[in-house]
Amino acid sequence: MLTYLLSILVIMGIYMLLALALDLQYGFTGLINFGLAGFFGVGAYASALLTLKAGWTPLLSFPAAMLAAALLAWPLGRVALRLRDDYLAIVTLGFSEIVRLVLVQEQWLTNGVQGIPGVPRLGAGWGNARFSDMLLLVLLALSIAVAVAVLRRVTHSPYGRTIQAVRDDETAVYVLGKEPARFKTQVLMLGAALSGLAGAYFAHYMTYIVPDQFVPLITFYVWMAIIMGGVARLSGSVAGAVLLVLFLEGVRFTRGIIPGVSDADMGSVQLGVVGLVLILFMRWRPQGLFGGRGAR
Amino acid sequence: MSYADYINLVINGLVEGLIIALPALALTLVYGLARFPNAATGDIVAVGGYAGLAAHHLTGSLIVAGLAGAAGGAVASVLAYLLAFRPVIRRSVITLLLTSIGVGFVIRAALGVAFGHDPRAFDMPLERAWRFGDISIAPADLSLAALTLLTLALVFFMLYATPLGRSLRAIADDPDLARVSGIRRERCMLAMWTIAGVVCGIAGTVTGMRTVVYPDAGWNMLLPAFAAAVVGGLGNPLGAVMGALLLGVLQELSTPFVGFVYKIALGYVVMMVVLLLRPQGLFNRPVGVR
């Protein structure tokens, strides 16, 4: 029971980091990132490979995972940020598929579709698996607290007002002598770093990663979370991630008590509900469950 | 690799390009009139695949299968417009884009629940490929390519030689000017969504005949179609077809060098390079704001 509770909390925490990253990019800056799963996967594989193959300590591999994801965001920024918003969506979606294809194909490094087993748990030398999970949860909670604090400072600073201005009226920002593309690239990289961090936690918690864990569906789970919670509000992202995980677990639980329903069917039902939530929220409550300023 | 192998690859690439051209054309039509990239396009293709499969199972006729696929795609497309897109059509691009993702998920879920997740194949007779020296052509590919070409020809005829097509292009060019000229927008939108659905449905039937039908088939077709439409220039129908053919041939020709997995990635890479160097697409004239 405790293990189950622990796993729910860890998964919630990971989705919270992802939701915060997306909220920074979309909610505050108006960047439509459909490639979140790609950055998430890069972070997971970077940290897993660095600890397993290069023997790095997680103390170094976690920042390296953030850096790797952020660096990959840079060329994307160059390609897409001079274009209309919807092109960024297509480009980032394509990017996350490229990441997944590379993970599948470069078997010498990633072991292809078989994935990487035996990613070391955090603090593996100091205690049993339970201890490692607790340690990871504490660190994850700390990371979220730091991320929220930093993002709160950032979004309330002149920088934060600038990125919100980029969202609301790019031309005005331009006229004020600031270059919107620069701010967009920075926000894209910062969000990617957060997603990479989430990926690193994911890899060291699951201890086993395969490319199929980083499909676009994950990206849209996170979109669902921030839309339910309300965009451009940090507390909304956190609440949305909680709702999302409760929903995902609820579906699993329901399958457990209804006999004769196959995994694949339940997967379809889950997908359908995610789709309905997206449609209905966009139509009736674009500001999310808890209302909020800056809603559009 | 002899030259004949390359010619075979080019032929295969042209056929695959023609098939991708259909959803790419649907994407570009929707983008031109409704101004958003419709991520549910692929799933409409899958609906067409199942409709075609069912009709073929019942009648055994390829023509009927194609017509049923077209009808299935059209019904799904118009329903998606009426129920999901029309209520939010005046909102921001992201609202429409996320709605289309949601619509796609709902369609895919419905297909999964209704038909299961096992891939299904058309019951097609096996035919020996025609051989010209070392070059071989499957007769089925040829008839499917002909069906695709016919569909494309009909759509282009409709777009460029009928009053309806003129109205559609007028709305795409300048919605306000079209409205003050007395073009009935709602009728045109319905027609456009029907055409997009028909085109997708036929694509679904044709891909189903070449490979198999399964609920995720459409999603896997979405990104190649996006890539083709962007390479050709979003909103440009001829560009979408040219982009699809270009990518199809390029991907097939690259297979001996990069393998099957990166063949798919190549399409996205070409798309990004095109966006970097010529954001308006290969076949569009430069436009100020994009």
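Reply: Happy to! Axes are lines fitted to C-alpha atoms, for helices over the stretch in contact, and angles run from 0 to 180 degrees between N-to-C directions. Helices here are DSSP runs (H or I, at least four residues), numbered from the N terminus. This is a predicted model, where local features need pLDDT of at least 70, side-chain atom pairs count only at pLDDT 80 or more, and totals for chains, interfaces and linings use all residues. Residues are numbered from 1 along each chain as its sequence is written, and chains are lettered from A and ligands numbered from 1 in the order in which they are written.

The axes of α1(B) and helix α5 (residues 139–161) of chain B come within 9 Å, crossing at roughly 30°. That makes α1(B) roughly parallel to α5(B), because angles under 35 degrees count as roughly parallel and 65 to 115 as roughly perpendicular. Residues are in contact if their C-beta atoms, placed from the backbone, lie within 7 Å. On α1(B), the residues that meet α5(B) include B:Leu18 and B:Leu22, and among their counterparts in α5(B) are B:Leu144 and B:Leu152.

Now the other partner. Helix α1 (residues 3–34) of chain B and helix α9 (residues 217–232) of chain B have axes that come within 8 Å and cross at roughly 70°. That makes α1(B) roughly perpendicular to α9(B). Among the residues making this contact are B:Pro23 and B:Leu27 of α1(B), with B:Pro224 and B:Phe226 of α9(B). The contact of α1(B) with α9(B) has 11 nonpolar residues, one polar and no charged. Here Ala, Val, Leu, Ile, Met, Phe, Trp, Tyr, Cys and Pro count as nonpolar, Asp, Glu, Lys and Arg as charged, and the others, Gly among them, as polar.

Definitions and conventions:
Helix = DSSP H or I, 4+ residues; strand = E, 2+ residues; numbered from the N terminus. Parallel < 35°, antiparallel > 145°, perpendicular 65-115°, else oblique. Contact = placed C-beta atoms within 7 Å.
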